[in-house]
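Let's walk through this one together, question by question. Have a look at the model first.

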Amino acid sequence: MKQDFYEVLGVPRDCSEADIKKAYRKLAMECHPDRNNGDKGAEERFKLVTEAYEVLRDPDKRAAYDRYGHQGQRTDFSSMHFDLSEALMVFMRDFGIGTASGFESLFGGGQRRERRRGHDIKVGLKLTLAEVASGTTKTVRIKSLESCPDCAGTGSKAGTQPVQCGTCGGSGEVRRQAQSLFGQFLTVSPCPTCAGEGTVVQNPCERCGGDGRVRGEKTIQIDVPAGVADHHYLTLRGQGVPGPRNGPRGDLIAVLDIKEDPRFERHGDDLVYDLAITVTQAALGAEITVPTPFGQSRLRIEPGTQTGMAYRLRNKGLPRLGEGGHGDLHVRVHVWTPTKLTAEQRKLLEKLSEIEDAPPEKETGKFWDTIRRALGQL
Ligand SMILES: [Zn+2]
Ligand SMILES: [Zn+2]
């Protein structure tokens with residue numbers, strides 16, 4: 001079980017964005033790898049506080065976290081498992097502090113060559129409320145760049161090999177002396193000639209021009225868990241565009257677009273359905289069929305039901321994402337007064353009007369108060 005992000009940063013749940021930034025900066029400085037001589041515990045802590053910060057500093061992600069916690073994150077922020085270089089990148093981005101270990105882990109300290117990652121692909125996924133209720137698998141067709149089949153993504157013409165880069169001697173990086181917050185150090189940055197790859201293509205493949213990628217199309221299946229909300233996104237790691245010359249792939253990000261169902265009003269996991277009943281059903285009670293996202297359901301209308309009363313069908317709302325269980329379906333009742341009467345109906349109603357009681361004034365006042373309160377809670 002992951003530690004609560006607010007606890008990680010040591011801030012209260014209602015703290016401001018500025019508090020979050022301040023708390024993170026302080027903690028990140030304390031457990032920054034540059035200050036802890038390769039202490040693995042500090043490094044883990046640095047990654048964790050950065051993860052927490054990355055979620056809580058963003059108002060949308062914070063709202064989703066407040067609502068769904070870590071479980072929801074599995075689908076919401078699945079990219080939120082930082083390795084050290086990603087964590088250092090966040091720290092550098094927000095505080096503009098370049099650090100020795102930052103450059104070393106980013107660019108490999110002379111051992112690893114930087115390989116450029118491909119772009120992320122963003123797709124919109126249209127869902128119906130029924131699909132949200134049950135969860136679904138969507139198939140999307142994506143046009144993007146794919147690995148070149150002629151050179152197997154290497155960018156070099158068949159039978160040729162890329163050659164060592166003359167600028168960096170194959171290390172993929174250039175070094176220079178620089179000043180940081182923690183003192184003087186050697187910066188290591190990617191070689192401008194080979195963009196960090198360490199090699200250059202001398203005989204480019206004709207099909208892809210040496211890039212290693214060509215235009216292509218692919219079909220991807222996306223599993224959508226039940227209970228997702230509009231504008232949520234799902235991240236499929238490594239399903240985006242490949243990097244040039246077999247570089248790592250970007251991610252596929254599916255943004256959810258849930259079609260409104262005119263039958264229901266959505267309040268989080270709860271749904272509201274407006275049901276019209278006749279005057280006699282209201283007075284005598286009735287057994288009625290109402291729609292739910294899972295099909296029809298039976299509802300018993302009690303004798304003496306008033307307009308505005310709400311019946312609750314437990315667990316007939318939407319699934320709770322990451323928590324298990326379902327929300328409720330609230331059936332809001334409206335008593336329908338007939339607008340056209342046949343001669344027979346008129347006769348019966350006139351007869352009823354001679355013997356019916358007037359509504360009790362005091363009680364109806366109280367009654368409407370109750371209804372208003374109940375609806376306010378929806
Ligand atoms: Zn180079
Ligand atoms: Zn090629």
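Before we start: a residue is called buried when its relative accessible area is under 20%, and exposed when that area is over 50%. Also keep in mind that this is a predicted model.

Q: Is F264 buried or exposed?
A: The cut-off for buried is under 20% relative accessible area. F264 has a relative accessible area of 8%, so F264 is buried.

Q: How is the aromatic pair of F264 and Y273 classed?
A: Ring planes under 30 degrees apart count as stacked, those over 60 as edge-to-face, and the rest as tilted. Here the centres sit 6.1 Å apart with 55 degrees between the planes, which makes the pair of F264 and Y273 tilted.

Q: What is the geometry of the zinc ion (ligand 1) site?
A: The zinc ion (ligand 1) is held by the SG atoms of C165, C168, C191 and C194, at 2.2 to 2.3 Å. Four donors count as tetrahedral if all angles lie between 85 and 135 degrees. The angles among these four donor atoms run from 103 to 115 degrees, and the site is tetrahedral.

Q: How far apart in sequence are the parts that C168 and C194 tie together?
A: C168 is in the loop between strand 3 (163-164) and strand 4 (173-180). C194 is in the loop between strand 5 (183-190) and strand 6 (199-200), so the parts this pair ties together are separated by 26 residues.

Q: Which residues have the most contacts inside the largest nonpolar core?
A: That core has 40 residues.

Conventions
Residues numbered from 1 in each chain as written. Chains lettered and ligands numbered in written order. Predicted model: local features only at pLDDT ≥ 70, side-chain atom pairs only at ≥ 80, totals over all residues. Heavy atoms only, no water. Core = buried A, V, L, I, M, F, W, Y, C linked by side-chain atoms within 4.5 Å. Buried < 20%, exposed > 50% of the residue type's maximum accessible area, 1.4 Å probe, protein only. Donors = N, O, S within 2.8 Å, 3.2 Å for Na, K, Ca; no water. Tetrahedral: all angles 85-135°; square planar, octahedral: opposite > 155°, others 65-115°. Helix = DSSP H or I, 4+ residues; strand = E, 2+ residues; numbered from the N terminus. Phe/Tyr/Trp six-rings, centres within 6.5 Å; stacked < 30°, edge-to-face > 60°.
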